[in-house]
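Dear colleague,

Please find below the structure that I am handing over to you. My notes on it follow directly after.

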Amino acid sequence: MKIILDIFFVVGLYLGRLFSLLSGKGDFLLYQFRRALITGYHKGRFKSFGQGSKLASGLLLLNPQYMVVGKNVSILGKCVLECSPSEDNKPEMVLGNDISIGEYSHISCAQQIIIGDGLLTGRFVLITDNAHGQNSASELTINPLARKIYSPGPITIGRNVWIGDKATVLPNVTIGDGAIIAANAVVVKDVPPYSVVAGCPAKIVKIIK
C-alpha cells in the first residue's frame, strides 16, 4: 500500500509542476482530467450514456440503471441523481441531448422524469416526482423516512428550458418548450411553452411571442 501511495505522490508532484508551467490553463486541464476519470468510472452504470457526456466530482448516483443520458450532457459537481424503484414500479429518468445541470442540483425519480434537449439549470435546483408518503393522517404518526415513497405524477420538461438557481419542480408537472423558470420559483402546475414563471407557487409573469 505504501508503494502505491508513493507512486501517486510522485505522479501528482510532476503533474503539479507541469500544470504550473501551463499558467492558468493548468487548472482547467486538471479539472477536465478529473471529469474524464469520473465519467469513465460511472458511465457503465447507466442504462445508457451518450457520447460526449461528462460527469463531475462529488456526484451521488442511486440506481443509475434506470437512467438514460443523451449526448453532450454535462452534470456538474455535487449533484444527486436518484431513482427509487419499488416492487410494482420501475422508475424512468431520461435526460436528452445538450443538457447542462448546475452544481448541487438534485433530480429524484420514483415514476418518470423526461427532460428534453437543451435544458440549462442553475445551481441547487430540485426536480422531484415524489415525496415520503401521501400526507394522510395515519402517516403523520410515522417517521417520514419510514413512509413509502409516493409519486403523484410524472414530470416532463420540454426542449430548451432554462431553470434558474434554487428553483424547484414538483410532481405531476409539464413544462413547455422554451420556458424560463425564475430563480427560487416553485413549480406546482403546468408551465406553457415560451413563458416566464416566478414565485412560490410559480405564476406566469410573461408570455414570449
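Helices (H or I, at least four residues) and strands (E, at least two) are taken as DSSP runs and numbered from the N terminus. The model is a predicted one, in which local features need pLDDT of at least 70 and side-chain atom pairs count only at pLDDT 80 or more, while totals for chains, interfaces and linings use all residues. Residues are numbered from 1 along each chain as its sequence is written, and side-chain values use heavy atoms, with hydrogens and water left out.

By these rules the chain has two helices and 21 strands. Of its 209 residues, 40% count as buried (under 20% relative accessible area, with exposed being over 50% and partly exposed in between; 1.4 Å probe, protein chains only).

D98, in the loop between β6 and β7 (100-101), has a positive phi near 55°. D98 counts as partly exposed because its relative accessibility is 47%. N184 is placed in the loop between β18 (180-181) and β19, and its phi is also positive, at about 70°.

The peptide bond from C200 to P201 is cis, with omega near -5°; P201 belongs to the loop between β20 and β21 (203-207). P201 is also one of the contacts of V188 (heavy atoms within 4.5 Å), together with L170 and V173, when neighbours within four places in sequence are left aside. V188 itself sits in the loop between β19 (186-187) and β20 (195-198), and its C-alpha atom is 6.7 Å from that of V169, 19 residues away along the chain.

Finally, what lines the largest pocket? Among the lining residues are S84, D88, N89, Q111, K148 and Y150. A pocket here is an open set of points on a 1 Å grid over the protein atoms alone, where a 1.4 Å probe fits, with protein on both sides within 12 Å along at least five of seven lines; lining residues have an atom within 4 Å of a point.

With kind regards
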